[in-house]
Amino acid sequence: PPADIQCEVLVLGSGPGGYTAAFRAADLGKKVAMVERYSNIGGVCLNVGCIPSKALLHMSVVLNETKEMGAHGITFAEPQIDIDKIRAFKDGVINKLTGGLSGLAKARKVEVVTGYGKFTSGNTVSVEADDGSIKTIAFEKAIIAAGSRVIKLPFIPHDDPRVMDSTDALALEEIPERLLVIGGGIIGLEMAQVYDSLGSKITVVELGDTIIPGADKDITKPLLKKIKKKYENVFLKSKVTNVEAKPEGLLVTFEGKDCPETDLFDRVLVAVGRAANGKLIDAEKAGVAVNDWGFIEVNERQETNVSNIYAIGDIVGQPMLAHKAVHEGKVAAEVINGMPSAFTPMSIPSVAYTDPEVAWAGKTEEELKAEGIEYEKGAFPWAASGRSLSLGRDEGLTKAMFCAKTHRLLGCGMVGPNAGELIAEAMLAIEMGADMQDIGLTIHPHPTLSETLCFAAEMAEGTITDLM
Ligand code: FAD
């Protein structure tokens, strides 16, 4: 039988990768259908990821600041927390963005098909709606943007409502008295911060010897120091081996040097990483190769092993970040349109939107050392930044690593308030091949935190030797 819908480009998944690809393909004149299992488009990022977490983190920073202001002569009354209103604010932000996206889809005549999509051949998918009805779509080209999902652990009773993943934590059902966060990566630490500022007592347990594995230790140190002071416990080199649901709470068994053998928590947040969705879409029926971890391998044109099928975003590999998905989405749509596009960034920046924020771009110092690349470094402590001190903050650091031969910027790490915004300048410098003079001679406004990159470059160059 003929398919219910015929399209030139089918996009499976409506996250930042999917909608970017769909919109770009439509703008280039293609007839596009985008399949999404949920009624809201926008994927993890808009609905249960980047955006709701940032809405809640903003509140946590405001709450933290009102407390810290006491030391500078302004004391506020104890904040009154209304989690229903906080939730409504967060949901309002999501709805504005997803509503805006639906409008953008309509304006481009992108047909949004709601339901769970699976390949039935190299040119067709079937989409099953919640009511069991099925639509078939025939396509010329497909872009797989089906993203990732949370990883569950076998020894944790995930169906107990007191065990949360990041989606549950963002739903903000209640403020538990004692919360255990399993996983000291970006997502775990961001959610830990939200619940800490709302009044929960937090314990973080992390397998590695530091928080945010992947970032250099010197830029995560100020954050570690702060949370060690603020939270009930931060256990490194430790793990949870069992969680038992008891009526009085979740009984957690630990293994590690400093942690207790067992402890009772009101809620547990599991934030140990995400798994790619490659094995859940019948990719084999289209002949698309999926590896053991659910990832689909692609080349720099986002092409899979099947010539008319492309893949983008979390499903093609690390880093699982929205800005990577977006750029890959554009590339896939343009390649389908016959354009000479490729995904060849010099680097993909990472940011933890904690307080202080931790951000890095290009090579980390650890990577430079491991790869035997010779570099010159400038490291500017924010304790010498007038702007940082005037914010009442002195724990920040900006370090910049330059190639010893060409003096070009190879990598940059920052920690401090707004580091996530500031790292964009380092990204531009890396992409443009800027060297230490380019950055050091660029006049940065004073007094700003952005100056710290300029100072770090000047320190690497040797034109600043002394700090005030
Ligand atoms: P996704 O956003 O995962 O979207 C995939 C979509 O496909 C989903 O809507 C899914 O329902 C749909 N789908 C999957 N399979 C099917 C199917 N078979 N049929 C129909 N629909 C299907 N990244 C950042 O860059 N910055 C951040 O601050 C940040 N914060 C985060 C915070 C949290 C709590 C989490 C969980 C993630 C965060 N991320 C962040 C990561 C970011 O959300 C992802 O990298 C990004 O959403 C990936 O985009 P994507 O397009 O690949 O897929």
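These legends describe close-up views of one predicted model. Local features need pLDDT of at least 70, side-chain atom pairs count only at pLDDT 80 or more, and totals for chains, interfaces and linings use all residues. Residues are numbered from 1 along each chain as its sequence is written.

**View 1. The largest nonpolar core.** This core has 137 residues. A nonpolar core is a set of buried Ala, Val, Leu, Ile, Met, Phe, Trp, Tyr and Cys residues joined through C-beta atoms within 7 Å. Buried means 20 or more other C-beta atoms within 10 Å of a residue's own, exposed means 12 or fewer, and partly exposed lies in between; C-beta atoms are placed from the backbone. Ile-144, Val-268 and Ile-423 have the most contacts inside the core. Helix α8 (residues 322–336) gives the largest share, eight residues. Helices (H or I, at least four residues) and strands (E, at least two) are DSSP runs, numbered from the N terminus.

**View 2. An open sheet of five strands.** The order is β18-β19-β22-β21-β20, with antiparallel pairing. Strands pair if DSSP finds at least two bridges between them. β18 (350–352) and β20 (375–381) stand at the edges; each has a single partner strand, so one side of each lacks a neighbour in the sheet. Seven bridges join β20 to β21 (residues 397–403). Among the bridge partners are Gly-378 and Ala-400, the latter in β21.

**View 3. The shell around the ligand.** The ligand is surrounded by 36 residues, each with its C-beta atom, placed from the backbone, within 6 Å. Gly-13, Gly-15, Gly-43, Gly-147 and Gly-313 are the closest. At least two shell residues come from each of α1 (16–27), β2 (32–36), α2 (43–48), α3 (50–68), β4 (116–119) and α8.

**View 4. Two cis peptide bonds.** Most peptide bonds are trans. A cis bond joins Gln-318 and Pro-319, with omega about -10°. Pro-319 sits in the loop between β17 (309–311) and α8. The bond from Asp-355 to Pro-356 is also cis, with omega near 5°. Pro-356 lies in the loop between β18 and β19 (357–362).

**View 5. Positive phi at Lys-109 and Leu-172**. Most residues other than glycine have a negative phi. Lys-109 has phi near 60°. Its loop runs between α4 (83–107) and β3 (111–114). Lys-109 is exposed, with 9 other C-beta atoms within 10 Å. Leu-172 has a phi of about 50° and lies in the loop between α5 (166–171) and β9 (178–182). Leu-172 counts as partly exposed, with 18 C-beta neighbours inside 10 Å.
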